[in-house]
Structures are given as structure tokens and as C-alpha cells.
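Let's take a friendly walk through this structure together. Have the sequence and the 3D view ready, and follow along from the overall fold down to single residues.

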Amino acid sequence: MAKKQRRTQATSQDQMIVVVCRGGDCGSRRKHPGTDHAAQLREIRNAAGTEVAVTVSRCLDACEHSNVIVIIPDAGGRSAGASPVWAGEANDAEVTADILQAMAGPADLTGLPALVDIHTFHPTRQNRRELDEEVG
Ligand code: FES
């Protein structure tokens, strides 16, 4: 696998982290011509403020689900038992809006908005390994 490059803002393990994949499939205009990838990332960054860290991944090895966005709960959510939520096919404004809603929701990520819930998939071990590399 090619060495990954990433643009990451400073993150704290205490805060919620949203990983937006922008690899060869996620973020591809050719694969998803109807998606404004830049606008989606801008919306997520704007909604994040200082409370949520946003990281851009070059690939989480879940390309078949592109575009992939992972919401990693903050320390409080994790201590309450929450796990990262992997959302796939996040390719339209409605799913993006629900991602933003989940980011603003409870720390334990309970009561996910409908479209995030529908688009959630179970990551493979390799997917989780790639995520760990991204966020440390
Ligand atoms: S490009 Fe996003 S998972 Fe591979």
C-alpha cells in the first residue's frame, strides 16, 4: 500500500474525531459525479468548530462503501461504551446533514439520525487498523 499522506488538525483523544475519507474512491468526481466533495468537507469542518476534530484520510480500505465518514466518540462517549460509527455512501446533502446532526448529538452516539443509521456498516479488521493509523 502506498504511503499515506493526510491533512490533520490537532486532535485530542478526549474530543470527538470525524474522519472524512478523501482517497482514490472517496472524493472521486469520476466515481461520484453528483457529489460536491469539497462542499461536504467544508460543511463538516464548519460544523466541527473547536469541539470536534476533523481529519482527512487518504483511504480507510473500505472503498466499496465510498464516501466513507467515521465518527469517533469523545472520551466520555467511549467510556459510556460507544464505538466509532462508520458511515458509507455518504454522497448527498441529506446524509451529510445527518452526519452533522450526529456530530452535535449525544457523546455516546445513541439515537443516530436515520440516514447515518441506514448508512452505517461494520468495518473489517483492516478498516479498523487503517483508522487507528489515521488517528493514532
Ligand atoms: S478511498 Fe475511502 S475507503 Fe478507500
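This is a predicted model: local features need pLDDT of at least 70, side-chain atom pairs count only at pLDDT 80 or more; totals for chains, interfaces and linings use all residues.

The average pLDDT of the chain is 91, and 91% of the residues score at least 70. Over residues 1-8, however, the pLDDT is below 50, and this stretch has ten contacts in the model beyond near neighbours in sequence.

Now step back to the whole chain. Its secondary structure comes to five helices and five strands, in the order β-β-α-β-β-α-β-α-α-α along the sequence. A compact globule of 136 residues would have a radius of gyration near 14 Å, and the chain agrees because its own value is 14 Å. Of the contacts with a separation of 6 or more, 77% are between residues 24 or more positions apart.

Together, β2, α1 and β3 form a right-handed β-α-β unit. Strands β2 (residues 16-21) and β3 run parallel and are joined by six bridges, with Val20 opposite Val56 in β3.

Where does β3 sit? Six of its six residues are buried, so the strand is largely enclosed by the rest of the structure. Val52, Val54 and Val56 point one way, while Ala53, Thr55 and Ser57 point the other way.

Notes. Residues are numbered from 1 along each chain as its sequence is written. pLDDT is the predictor's confidence in each residue, from 0 to 100. Two residues are in contact if their C-beta atoms, placed from the backbone, lie within 7 Å. A residue is buried if 20 or more other C-beta atoms lie within 10 Å of its own, exposed if 12 or fewer, and partly exposed in between; C-beta atoms are placed from the backbone. Helices (H or I, at least four residues) and strands (E, at least two) are DSSP runs, numbered from the N terminus. Two strands pair if DSSP finds at least two bridges between them. A crossover is right-handed if, with the strands pointing away from the viewer, the path from the first strand over the helix to the second runs clockwise. The radius of gyration is taken over C-alpha atoms; the globule rule is 2.2 Å times the number of residues to the power 0.38.
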